[in-house]
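Student: I have a model open and want to learn how to read it. Can we go feature by feature?

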Amino acid sequence: MQTLKMERKDYPAVGEAVYQTTLRNGLKVFLLPKRDFNETYGIMTAKFGSIDTYFIPRGSNQAVQYPAGVAHFLEHKLFEDENGQDLLQQFVELGAESNAFTSFTKTSYLFLATDNVLENVRLLQSLLENAYFTEESVQREQGIIQQEIDMYKDNPDYCLFFHTLANLYPDTPLAEDIAGSVESIAEITVEDLDENFETFYHPSNMSLLLIGNFDLEKTIAVIQEQHESLKGIDEESLIRRFPLALNPVISTGSVRMEVASSKLAIGLRGSQSLAGTDLFRYNTALKLLFAMMFGWTSKRFQTLYEAGKIDNSLSLEVEVEKDFHFVMLTMDTSEPVALSHQFRSAIRDFEKDPDVTEEHLDIIKSEMFGDFLHGLNSLEYIATQYETFSEGDNLFDLPKILQTISLVDVIEIGHHFIDSCEMIDFTIFPK
């Protein structure tokens, strides 16, 4: 077996080096040796998330539709072997912690270990090579996930986020909880899980990232050996996904829950195509802009905070993907109607905002860079923030972006997003 050649990509600004390659079967591999750490963090990701419910599978010309929550359901089931045993226990026996999570666009499986690293790498890969489903185990899992869904229904902040997202993207997969609904989970069958596993859990749709204290050469050999027999696929057999529909937004909405104070969300849905755009740079610019306007260093925040109209709960979520992008501000406030009007007016007229200045941008950049440096102390932070499917800038490019991005750049991206965006609000009122 010929030794696998890895491309080394250096990031001198942070003193990091990433070794990367794509195996013959299409698996993307990223290795970040860090001998000054005691632990090793491994994460294997399938490009398969909650939005992937309608697509054309490989080798077919016919689109298929699956129930909401199928990606998350499959995440749960892959930890079961053919005997119904929990594979999490095998990680425990190797002295490792293991977990998994599903997002809008991907599903990731991970381990954290100090010993038996190569054995954990083998186990992590084996976990995603085969799947075993029975009618009985699917029915059992349906009950477990339905309880999980019911639990989140009582969480006001969780409800605020997903109610707002549903009104930004009505009648699309983003309008559904990542876990699905009680009704959609009940519809998932063994056949659904088999078909989605075969479609999305091929190495060509996956990546493996390892970071921490491990031997580079031995790890490369283990990965290569395990995948040597797995064949790739041709371009004609790729999964064909459909663009997310931009149906008319629901401009406002509200519910009542057991909360001490009203909770307000302001959501902005991007309408412009991001084809050919560097998504990481675009995301960073939007974060800088909205942090200048509404972050804790802004005059607006300080004034409202001192007046008791908002508190430290104000948070910013920026999500930029190839197929969708949105910004969401959430906060606890006693004056949700007035603040919604004030914030939305400020966003529309952002270029004239007194907080959008060169001086303030430098402050926000410094704060973002400080958070980034702090994050580099965490293997989990690096592993979960390093985008293995990105073709443009990535996590370690942030210092370069912060150094080169100007106020003009931020304003230009702000106009690209805000001038054509759809803006809504959603409020949770106390019962």
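Student: Which residues is Phe429 in contact with, leaving aside its neighbours within four places in sequence?

Tutor: Contact means heavy atoms within 4.5 Å. By that rule Phe429 touches Ser254, Val255, Arg256, Met257, Val259, Ser262 and Pro336. Phe429 itself is found in strand S15 (residues 422-430). Strands (E, at least two residues) and helices (H or I, at least four) are DSSP runs, numbered from the N terminus.

Student: What kind of model is this, and how are residues numbered?

Tutor: The model is predicted: local features need pLDDT of at least 70, side-chain atom pairs count only at pLDDT 80 or more, and totals for chains, interfaces and linings use all residues. Residues are numbered from 1 along each chain as its sequence is written, and side-chain values use heavy atoms, with hydrogens and water left out.

Student: Is Phe429 buried, partly exposed or exposed?

Tutor: Buried means under 20% relative accessible area, exposed over 50%, and partly exposed in between (1.4 Å probe, protein chains only). Phe429 has 24% relative accessibility, so it counts as partly exposed. Now a distance: the C-alpha atoms of Phe429 and Asp171 are separated by 25 Å. Along the chain these two are 258 residues apart.

Student: Where does Asp171 lie?

Tutor: In the loop between helix H5 (156-168) and helix H6 (182-187). Asp171 is exposed, because its relative accessible area is 76%. Check its backbone too. Asp171 has a positive phi of about 60 degrees although it is not a glycine.

Student: What is phi of Asn116 near?

Tutor: Near 55 degrees, a positive value in a residue other than glycine. Asn116 sits in the loop between strand S8 (107-113) and helix H3 (117-127). Its relative accessibility is 36%, so Asn116 counts as partly exposed.

Student: Let's take a loop residue with the opposite setting. Is Leu395 buried or exposed?

Tutor: Leu395 counts as buried, because its relative accessibility is 4%. Its place is in the loop between helix H13 (379-385) and helix H14 (398-404). Beyond its neighbours within four places in sequence, Leu395 is in contact with Phe280, Phe372, Tyr381, Ile382, Gln385 and Tyr386.

Student: Now strands. How do they pair?

Tutor: Strands of a sheet pair through backbone hydrogen bonds, either parallel or antiparallel. Here two strands pair if DSSP finds at least two bridges between them. Take strand S9 (residues 206-212). Six bridges join strand S3 (residues 28-33) to S9, and these two run parallel. Phe30 has Leu209 in S9 as its bridge partner. Strand S4 (residues 40-46) pairs with S9 in the antiparallel sense over seven bridges. There, Gly42 is partnered by Leu210 of S9.

Student: Why is S9 described as largely enclosed by the rest of the structure?

Tutor: Because seven of its seven residues are buried. Look at both sides. Met206, Leu208, Leu210 and Gly212 point one way, Ser207, Leu209 and Ile211 the other way, and all are buried.

Student: Which residues make up the covered face of strand S7 (residues 97-102)?

Tutor: Ser98, Ala100 and Thr102. The uncovered face holds Glu97, Asn99 and Phe101. S7 runs antiparallel to S8, joined by six bridges. Glu97 has Leu112 in S8 as its bridge partner. A hairpin through four residues joins S7 to S8.

Student: In what order do the three strands of the open sheet come?

Tutor: S6-S5-S10, with antiparallel pairing. The edge strands, S6 (64-65) and S10 (240-241), each pair on one side only. Two bridges join S5 (residues 54-56) to S6. Tyr54 stands opposite Gln65 in S6.

Student: Let's zoom out. How many helices and strands does the chain have?

Tutor: It has 15 helices and 15 strands. Its C-alpha trace spans about 65 × 50 × 40 Å along the principal axes. Of the 431 residues, 53% count as buried. Among contacts with a separation of 6 or more, residues 24 or more positions apart account for 79%.
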